[in-house]
Amino acid sequence: MQRIEYTDVSIKWTVFLLKVCGIWLTENTVQQRHRRIFIAYTAFALIFGAYLNIVDIYYSWGDLGHCIFLINNTLCIVLAMFKLCMLTVRRTEFIQITHYAQKHFWHLNYNQDEQMLFTKCVKLCKLWVVAVYIMTQCALTSYIITPISVNMGRNKSDRVLPFRMWVDLPMSVTPYYELMFILQLVCVYHIGAAYVCTECFVCLLNMHTVCQFRMLQLRLMNVCSVVDKELDSIDHANAYYTALKKCIRDHQSLLEFCDKLNVVYTLPILGHVVVFSMLMCFDTYEIFLADVSTWSRNIFLFHMIGSFIHIIFFTYSCHGLLEESMNVCTATYSGLWTKLPMNKVGQTLRSDLKMIMMRSLRPCCLTAGGFFRVSLETSTALMSSTMSYFTLMRESSKNADKD
């Protein structure tokens, strides 16, 4: 049966972000030209954003609250740079896993039971992408509303930009102010897209891979229903073995896909895990301790909520990958293979089942640079380190105020 091309809101929005950042696949020379343009603009936006924040840190050193705000921005920009560079380096593997997902995951050629699993997966992916989109938009909009609220009631010669410009130009007067405001506005939104696009896509791939493992378990448990014959007949054993070989091929394909997925994303995951606690710590400091405006505080509030949602959902999807890949062993054992005859086909079939169960005991997973597996325990460890860092910063701030 021909597969029906499938897409939904979560896939469309994620693909759009990847296209804007110049990471998505191309099919012709026109798309390749557009991709180069988007890559060049993404590089400009990231470098320009890093330049503004680093220069401002240099001139604002001593203002703890403002410097933490700038350091937080710089870490997000550097992290986005690192992730996009790693995807560019691993572009061949990225193309392979994307083509595999398009061909084997995103279609509607499922039976009724598999369709129920697929629909549940799609709903969860939509919820994830919508939550990321809302939190990102709220945080980025706060960057723009903050200077607008500050400029109310001020003279045109005393206006402020979203980010300070340490240049020898009258940046507060027309037309320099308007031009720079628009440039910073566009760069802020593009940096936001570059920051979240990789996480959106890897979480989608994780959830659809988990769904495919659940479908595989369902097929393994129901493999005896491929023919309507007596369980102890030789013909049924042959049909069972034929259906089992297809399940084995599907299992091997999923294992290979998971290995390539880990190769592509292991270093981006490591980078995000390394800086996550610092970002959350800085967000918490700016929300509760720093003397900043309400709109500036909203930036960190939405960023902290978005980061929390991201780390919970991402580790949940990785944990699901661990569990469902191991549950293949239980599903394999739960079949009706014990009632098959002990002829040559039956003995070969039992040997293959044993190999499937032995392989399933080594779970598929995503790792942080190969140092450790990512699971729900990772999120609790990161939250614990975040609170430790925040407590240290709070005590240091109190001691500095006393002195």
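Mentor: We'll start with the overall fold, then go to helix packing and a few residues.

Trainee: What should I know about the model before I start?
Mentor: This is a predicted model, where local features need pLDDT of at least 70 and side-chain atom pairs count only at pLDDT 80 or more, while totals for chains, interfaces and linings use all residues. Residues are numbered from 1 along each chain as its sequence is written, and side-chain values use heavy atoms, with hydrogens and water left out.

Trainee: How many helices and strands are there in the protein?
Mentor: The protein has 10 helices and zero strands. Helices (H or I, at least four residues) and strands (E, at least two) are DSSP runs, numbered from the N terminus. Along the sequence the pattern reads α-α-α-α-α-α-α-α-α-α.

Trainee: What box do the C-alpha atoms fill?
Mentor: Roughly 90 × 55 × 30 Å, taken along the principal axes.

Trainee: And what share of the residues is buried?
Mentor: Buried residues are 50% of the 403 in the protein. Buried means under 20% relative accessible area, exposed over 50%, and partly exposed in between (1.4 Å probe, protein chains only).

Trainee: Let's switch to packing. How are two packed helices described?
Mentor: By the angle between their axes and the distance between the axes. Axes are lines fitted to C-alpha atoms, for helices over the stretch in contact, and angles run from 0 to 180 degrees between N-to-C directions.

Trainee: At what angle do H6 and H8 pack?
Mentor: About 25°, with their axes 9 Å apart. That makes H6 roughly parallel to H8. Angles under 35 degrees count as roughly parallel, over 145 as roughly antiparallel, 65 to 115 as roughly perpendicular and the rest as oblique.

Trainee: Which residue classes are in the contact of H6 with H8?
Mentor: There are 16 nonpolar, 10 polar and three charged residues. Ala, Val, Leu, Ile, Met, Phe, Trp, Tyr, Cys and Pro count as nonpolar, Asp, Glu, Lys and Arg as charged, and the others, Gly among them, as polar.

Trainee: How do the axes of H3 and H6 cross?
Mentor: Helix H3 covers residues 64-89, and its axis comes within 9 Å of the H6 axis, crossing at roughly 55°. So H3 is oblique to H6. Residues making the contact include Cys-76 and Ile-77 of H3 and Ile-191 and Ala-194 of H6.

Trainee: Now Glu-324. Is it buried or exposed?
Mentor: Glu-324 counts as buried because its relative accessibility is 10%. Glu-324 is in helix H8, residues 294-333. Leaving out residues up to four places away in sequence, Glu-324 touches Val-210, Phe-213, Arg-214 and Gln-217. Contact means heavy atoms within 4.5 Å.

Trainee: Last one. Where is the cis peptide bond?
Mentor: A cis peptide bond joins Thr-174 and Pro-175, with omega about 0°. Pro-175 lies in the loop between H5 and helix H6, which is 176-221.
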